[in-house]
Amino acid sequence: MLHLDITGLEARYGAMKVLDGIDLKVGRGDVIGLIGPSGSGKSTVLRSVIGLLPPSAGTVLLDGTPIDYRNAASVRTVRDRIAIVFQQYNLFQNMSVLDNVTVTPVKIRKRNRDEATAEARVLLEKVGLGDKLGRYPDELSGGQQQRVAIARALALKPEILLLDEVTAALDPELVSEVLDTIRVLAGEGMTMIIVSHEMAFIREVATRVCFMADGRMIESGSATDIFDNPGEQRTKDFISKILRH
Amino acid sequence: MLATILEELPRFLTYYNLLFLAQAALATLALSAFGCIVGVIVGFVLAFVRLTPSRLWLPLRWFAFLYTEIFRRVPFLVTLMLCFFAFQATGYDVPLAVVGAVTVALIASAFIGEIIRGGLVSVHRNQWDAAATMNFTLPQTIRHVVLPQAWKIILPPAFGFFVMFIKDTALASQIGVIELTYAGKVLNNKGFSAALSFGSILLIYFAISYPLARFGKHLENRLAASRHHRT
């Protein structure tokens with residue numbers, strides 16, 4: 001059974017259709033790389049799946065169970081099982097690094113504080129920030145903030161991790177530290193959908209690559225298919241432009 | 001003028017005059033405190049209602065919106081008169097202080113509600129989104145994430161409003177509530193010079209509002225300290 005099965009997904013900002021019939025099949029442990037030009041709807045797919053922009057049509061099945069985005073309990077279930085990491089980190093500015101990671105387990109999921117704190121420490125060690133527990137987001141570099149955001153998402157013990165251009169806001173020298181963290185997660189078998197412009201990275205970690213343009217899924221296949229032998233002209237144009245840079 | 005004040009001062013500083021002024025100051029303080037406390041509580045409720053996304057809350061959202069917009073636009077004196085005549089129409093003998101208290105509560109709730117709402121929505125959308133994706137409810141989002149970041153936006157205008165509001169309660173004298181301004185008029189009518197009567201009132205207003213402003217500043221420093229300035 002597919003871990004996440006998206007069929008005919010549509011989403012709108014007001015009257016404007018921004019996703020048009022997206023199909024995406026995600027198996028357990030798959031790492032999906034979503035690529036495409038800016039404004040193609042890649043991030044919107046992630047925002048729709050997590051319910052920030054509820055789909056206007058289509059179906060999303062999580063482990064075979066349909067998600068009803070008009071039903072608060074159904075959306076809560078999705079958010080218990082899927083976590084998202086945002087391009088702009090979205091760390092809570094009023095909380096320390098440790099509190100950012102423990103606030104949801106403790107305050108929302110009502111887990112034991114000591115246990116949650118111990119786990120958060122392990123996660124922050126894992127992303128290389130074990131010495132920054134008491135710091136606030138605005139005291140960290142972009143790369144460090146993004147790694148805290150990843151640790152915060154992992155503290156929710158998600159089955160699926162959505163990563164929305166997690167390196168796009170970072171200085172080039174900070175990109176590798178975030179990519180290393182994602183590489184480890186991919187190696188551990190975490191199901192992930194990664195929106196990124198880091199083509200070399202997508203080629204390396206993605207089990208399948210999907211190319212989007214104008215809110216549509218144009219083409220999908222293995223990294224080799226998409227990068228070396230794309231079938232669609234738009235994919236070819238995009239890949240050749242990207243690779244020229 | 002100073003000679004007149006000095007000459008009147010022994011007659012002015014009698015036990016009964018001071019008691020009268022103290023009672024009037026207490027009335028002003030009570031009206032202001034009641035308005036501010038009820039205003040903060042109801043203001044939070046109004047702000048919260050206006051931020052709810054659910055369709056089920058739509059009628060309440062509209063009520064909160066209309067309430068806020070109407071009572072922020074109607075002059076204090078008009079609201080006071082409306083309350084005065086509304087209570088009169090009920091046929092019950094409602095004390096004037098109650099009419100004054102209801103009026104200040106109505107007005108303060110609308111103003112403070114808008115100040116709180118403005119502060120909450122000023123917190124970046126990405127903070128709300130992050131909380132939503134981690135299953136925070138609206139009250140949890142406001143309590144744990146948004147409000148701690150919104151204090152620095154809410155507190156300065158809120159305390160500015162409180163200080164202005166203390167002065168506005170003077171209008172309650174128009175329906176006969178014996179508060180500070182009314183006391184000034186009474187003392188003036190008793191033959192004391194306007195400089196002494198209203199000068200004393202001015203000092204008492206200052207004595208009430210200055211500590212409040214300082215308290216606001218203190219709260220601002222405590223609750224709204226920017227992380228950028230931490231040492």
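User: In this predicted model, which residues of H9(B) are called buried, and what makes a residue buried?

Analyst: The buried residues of H9(B) are Leu196(B), Ser197(B), Ser200(B), Ile201(B) and Tyr205(B). A residue is called buried because 20 or more other C-beta atoms lie within 10 Å of its own, and these five residues of H9(B) carry that label.

User: What do the buried residues of H9(B) pack against?

Analyst: They pack against four helices of chain B: H1 (2-12), H2 (15-51), H7 (138-168) and H8 (180-189).

User: How do you know that the span of H9(B) is close to the expected one?

Analyst: Helix H9 covers residues 194-223 of chain B, 30 residues in total.

User: What elements make up chain B?

Analyst: Chain B has nine helices and zero strands. From the N terminus on, its elements run α-α-α-α-α-α-α-α-α. Its C-alpha atoms fill a box of roughly 70 × 55 × 25 Å along the principal axes. Of the 231 residues in chain B, 34% are buried. Among contacts between residues at least 6 apart in sequence, 76% join residues at least 24 apart.

User: Turning to chain A, why is one side of S6(A) and of S10(A) left without a neighbour in the sheet?

Analyst: The open sheet has six strands in the order S6-S7-S8-S3-S9-S10 (chain A), with mixed pairing. S6 (82-85) and S10 (216-221) of chain A stand at its edges and each has a single partner strand, so one side of each has no neighbour in the sheet. Neighbouring strands are turned by 20° against each other on average, with direction ignored.

User: What makes S6(A) and S7(A) a pair?

Analyst: Two strands pair if there are at least two bridges between them. S6(A) and S7(A) have four, in the parallel sense, and therefore meet the cut-off. In S7(A), Leu161(A) is the bridge partner of Ala83(A).

User: Which strands pair with S8(A), and over how many bridges?

Analyst: S3 (residues 31-35) of chain A pairs with S8(A) in the parallel sense over four bridges. S7 (residues 160-164) of chain A also runs parallel to S8(A), joined to it by five bridges. Ile194(A) in S8(A) is the bridge partner of Gly33(A), and Leu163(A) stands opposite Ile194(A) as well. From S7(A) the chain crosses through helix H6 (residues 172-187) of chain A to S8(A), and this β-α-β crossover is right-handed.

User: Why is the S7(A) to S8(A) crossover called right-handed?

Analyst: The term applies because, with the strands pointing away from the viewer, the path from S7(A) over H6(A) to S8(A) runs clockwise.

User: How do you know that S8(A) is mostly covered?

Analyst: Five of the five residues of S8(A), residues 191-195, are buried. Both faces are covered: Thr191(A), Ile193(A) and Val195(A) lie on one side, Met192(A) and Ile194(A) on the other.

User: How many residues of chain A are in contact with chain B, and what makes two residues a contact?

Analyst: A contact needs C-beta atoms within 7 Å. By that test, 19 residues of chain A are in contact with 16 residues of chain B. Helix H2 (72-81) and helix H3 (97-108) of chain A each supply at least two residues of the side that touches chain B. H3(A) gives the largest share, four residues. By class, this side of chain A has nine nonpolar, five polar and five charged residues.

Conventions: Residues numbered from 1 in each chain as written. Chains lettered and ligands numbered in written order. Predicted model: local features only at pLDDT ≥ 70, side-chain atom pairs only at ≥ 80, totals over all residues. Buried ≥ 20, exposed ≤ 12 C-beta atoms within 10 Å, placed from the backbone. Nonpolar A, V, L, I, M, F, W, Y, C, P; charged D, E, K, R; others polar. Expected span 1.5 Å × (residues − 1). Axes fitted to C-alpha atoms, helices over the stretch in contact; angles between N-to-C directions.
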